[in-house]
Amino acid sequence: MLYDVDSFLAGRQTLYGIELELAGDVTGQDVLHLQCHFGMDTLNWARLGARVTGVDFSSAAIVRARELAELAGLTADFVEADTQNLPSYLAGGFDLVIATYGVLCWIADLDAWMRGAAMALRPGGRLVLVDLHPAYQTLASYEPFVADWPYGGGEPQREVVTGTYADPDLPMTAQEVVQYPHSVGEIVTAAAGAGLVIDRLDEHTEVEFPGSRILPEGPDGTRRFPFGDTYLPILYSLRARSPRTATT
Ligand SMILES: C[S@@+](CC[C@H](N)C(=O)[O-])C[C@H]1O[C@@H](n2cnc3c(N)ncnc32)[C@H](O)[C@@H]1O
């Protein structure tokens, strides 16, 4: 089960170590969660003491997120908006902008996305982005090894699917999905172009994240992407801050 809502409602922390470490203590901070989906991770930032706002362009996801907040007894704002065109009232309102796991592959205009994240930050605020590594995203299957996606370039990749990433067996009518491959260089360059100052860029070869399930699982429960005698990254994480300080 990719999302286990019952255990979340019972108190399970759904965030992973990578984003928790990069975000640091969020107590009392204003956190904007981009592409929040149905809000489970957003609400976990609230459980950690943040004032949270989640943004997603799916009205169904926003409805579910509001319902989940009520069920969990947590306070959060959920906004229906495109992350490539964030509402201007969000400008300068956040100490932390966060986006995790399955984010930029949906984004055609990477520059607009980064400009929106930068716009939402207060002086000195941080962007934390944790996402599937573009090298891993080239992969359709590990065994047999099939890599059928470009490494970056941003050209739309169209595919007709009958299930969802959360439930590949879900009965639904076939629909076309469009995704956009962005390389690490393109992502970092877009962040810099939006005026953000990058202080960390890490590539992770060993992950607990279940979205990497096409890769072999080790005896310790983590997954790796073997490549010759070594491993390729499955995730990357980027932390950047707004260059404006409170005194400038
Ligand atoms: C894979 S999900 C994110 C998963 C999320 N980290 C979670 O664990 O629930 C991707 C989300 O991005 C949203 N999305 C895709 N493109 C978007 C856009 N341009 N603006 C806002 N939301 C978008 C989708 O509606 C979906 O909820």
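This is a predicted model: local features need pLDDT of at least 70, side-chain atom pairs count only at pLDDT 80 or more; totals for chains, interfaces and linings use all residues.
1. Buried here means under 20% relative accessible area, exposed means over 50%, and partly exposed is in between (1.4 Å probe, protein chains only). Residues are numbered from 1 along each chain as its sequence is written, and side-chain values use heavy atoms, with hydrogens and water left out.

2. Staying with Leu 238, you'll find this residue in strand β13; helices (H or I, at least four residues) and strands (E, at least two) are DSSP runs, numbered from the N terminus. Leaving out residues up to four places away in sequence, Leu 238 has contacts (heavy atoms within 4.5 Å) with Leu 127, Val 128, Leu 129, Ile 187, Val 188, Arg 200 and Leu 201. Leu 127 is 111 residues from Leu 238 in sequence, yet their C-alpha atoms are 7.8 Å apart.

3. Now the nonpolar cores, meaning sets of buried Ala, Val, Leu, Ile, Met, Phe, Trp, Tyr and Cys residues joined through side-chain atoms within 4.5 Å. The largest has 30 residues, and Trp 113, Met 114 and Leu 129 touch the most other members. At least two residues come from each of β1 (30-34), β4 (94-100), α5 (110-120), β5 (121-132), α7 (184-193) and β13 (235-241). The top contributor is α5, with six residues. A separate core of 25 residues includes Leu 15, Leu 22, Val 130 and Phe 209.

4. Beyond residues up to four places away in sequence, Met 114 touches Leu 127, Leu 129, Ile 187, Ala 190, Ala 191, Ala 194 and Leu 196.

5. Next, the ligand. Its shell has 17 residues, of which His 37, Asp 56, Asp 82, Thr 83 and Thr 100 come nearest; to be in the shell, a residue needs a heavy atom within 4 Å. For polar contacts (pairs of N or O atoms within 3.5 Å), a polar side-chain atom of Asp 56 is 2.6 Å from a ligand oxygen. The side chain of His 37 has an N or O atom 3.0 Å from an oxygen of the ligand, and Gln 84 has a side-chain N or O atom 3.4 Å from a ligand nitrogen. On its own the ligand has 600 Å² of accessible area, and the protein covers 90% of that (Shrake-Rupley method, 1.4 Å probe).

6. Helix α3 (residues 40-47) is mostly covered, with seven of its eight residues buried. Among them are Asp 41, Asn 44 and Trp 45. Just after α3, Gly 49 has a positive phi of about 105°.

7. A few backbone spots to check. Most residues other than glycine have a negative phi, and most peptide bonds are trans. Gln 35, in the loop between β1 and α3, has a positive phi near 55°. Tyr 101, in the loop between β4 and α5, also has a positive phi, near 55°. The peptide bond from Glu 143 to Pro 144 is cis, with omega near 0°.

8. Last, Thr 162, in the loop between β8 (157-161) and β9 (175-179). Thr 162 counts as partly exposed because its relative accessible area is 47%. Setting aside neighbours within four places in sequence, Thr 162 contacts Leu 170, Met 172 and Ala 174.

Note on methods
A polar contact is a pair of N or O atoms within 3.5 Å; within protein, one must be able to donate a hydrogen and the other to accept it, and residues adjacent in sequence count only if both atoms are side-chain atoms.
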